[in-house]
Amino acid sequence: MEESLRTYKVVTYGCQMNVHDSERLSGLLEEAGYAKAAQDADPDLVVFNTCAVRENADNKLYGNLGRLAPVKQQHEGMQIAVGGCLAQKDRDTIVRRAPWVDVVFGTHNIGHLPALLERARVEERAQVEILESLETFPSTLPTRRESAYAAWVAISVGCNNTCTFCIVPALRGKEEDRRPGDILAEVEALVAEGVVEVTLLGQNVNSYGSDLGDREAFSKLLRACGDVEGLERVRFTSPHPRDFTDDVIAAMAQTPNVMHQLHMPLQSGSDTVLKAMRRSYRQARYLEIIRKVREAMPDAAISTDIIVGFPGETDEDFEQTLHVVREARFTNAFTFQYSKRPGTPAAEMDGQIPKAVVQERYDRLIALQEEISWEENKKQVGRRLEILVAEGEGKKDDRTDRLSGRAPDNRLVHFTRPAEGVRPGDVVTVEITYAAPHHLLAEGAPIGVRRTRAGDAWEKRQAAPAAKPAGVMLGLPTIGAPAPAAAPAGPGCGCD
């Protein structure tokens, strides 16, 4: 009788880079013979891909590990692995606090996970392996992508910035850029598989080229993506205002498949706070970038990251942030209350702001941004938009008999289900009839439906039987892919 496959689940916290890494982890496990666990089943392996940016990252991890301890006792042969930024930072602390963990691995050695799991099984003790520098660029590893129609493509890893609130550079290392030819080869291969939307990914995506000696490498890469036949939408995240140059704006405006959508982290509107954060731009520079983007692309949807309550932030500093929000008129903002992260300079700064003050400022910022988001979305009413049909974007779709997807500028749109069948990856043209702060609604019958290669790829994936493992790696039982990743806290790591 054939031995049943070992199953696994990957739980992801944090930024898009972690989501992308989880796709790599899933690909590695599938190649090693694992099978993705059913949603409600207890898997044989749970992998936590962690984030160290938020203050509650530790509590969330150890709380989940605590809940798994009795499950593991009852589940013979179950293994637990912890990777990502928190693992890179805490190392042996994880095994000391949760001795039932089998493997701890860092951000630089995700490719070692299958071997570490096998070693832990054979030696019957925890394996902790943290490397200080990248061994293999993640994009060379096997991948189990969650989407048949949209894909992340990492163009760099690491970060050369020294923001005082951010621990990511210490955990991800210095920036390392992929060669443009390798990136484009991956993009072309994805498009050949049916992908129609690609998001170029990096901790500081528009500094791409600093490792290659070409300051215009990123804009050249955007234009090169425009030459990939069949690639309909190109996005990127997250840029840094310091490195956002006019050639990038021109490439966005002049390359038809580069979307007029920009995520531009602000963090604070106060020059004093920006200096304390070691952000190498000031309010005037930031607003000038926004002005140039809107001049080149009047329809651009711009989003941002903002931290409230950074040490030393005064009422006047906070008012400067509100001023920038009013001037920039962001489509939406990912807002964070400052939290101390051990190992960052900001954690030791004087002037830590009381929680009550931070909360009051945060509430005012949220109220202002909600008002602006709603006003900006109302401008979309009456427009005809091409929506890329998505999977899992609309939580109420089954109840309302609607579908959901993304407009070219990445706004979320819920629309009436067409009479003819459509699939995730297909494109539907609709007319917007209603706007809310965080989504748009098209209540009338869709104007047109375009079936795409991406929809074909989705349909083929749904119809395909579970792939039989290629073989056994390093003595592991034949085992497959990760559970859908948790939604990231916001674009980038919130620290770009």
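Predicted model: local features only at pLDDT ≥ 70, side-chain atom pairs only at ≥ 80, totals over all residues.
**Entry 1: the chain**

I began with the totals. The protein chain has 496 residues, and 57% of them count as buried. I looked up its secondary structure and found 15 helices and 21 strands. For the surface, I noted that the chain exposes about 21,200 Å², with 50% of that supplied by carbon and sulfur atoms.

**Entry 2: the sheet**

I then turned to an open sheet of six strands, with parallel pairing. I wrote down the strand order as β2-β1-β3-β4-β5-β6. Which strands stand at the edges? They are β2 (35-36) and β6 (127-129); each has a single partner strand, so one side of each lacks a neighbour in the sheet.

Next I checked one pairing inside this order. Strand β1, residues 7-12, runs parallel to strand β3, residues 45-50, and five bridges join them. I followed valine 10 across and found valine 47 in β3 as its bridge partner. As background, I noted that strands of a sheet pair through backbone hydrogen bonds.

**Entry 3: arginine 285**

I picked arginine 285, which sits in helix α11 (residues 283-296). Is it buried, partly exposed or exposed? Arginine 285 has a relative accessible area of 31%, which lies between the cut-offs of 20% and 50%, so I logged this residue as partly exposed.

I also looked up what arginine 285 touches. Leaving out residues up to four places away in sequence, I found Pro241, Arg242 and Phe244. For proline 241, I noted a C-alpha separation of 8.1 Å from arginine 285, with the two residues 44 apart along the chain.

Conventions. Residues numbered from 1 in each chain as written. Heavy atoms only, no water. Pairing = 2+ DSSP bridges. Helix = DSSP H or I, 4+ residues; strand = E, 2+ residues; numbered from the N terminus. Buried < 20%, exposed > 50% of the residue type's maximum accessible area, 1.4 Å probe, protein only. Contact = heavy atoms within 4.5 Å. Areas by Shrake-Rupley, 256 points an atom, 1.4 Å probe, with all protein chains shown as cover.
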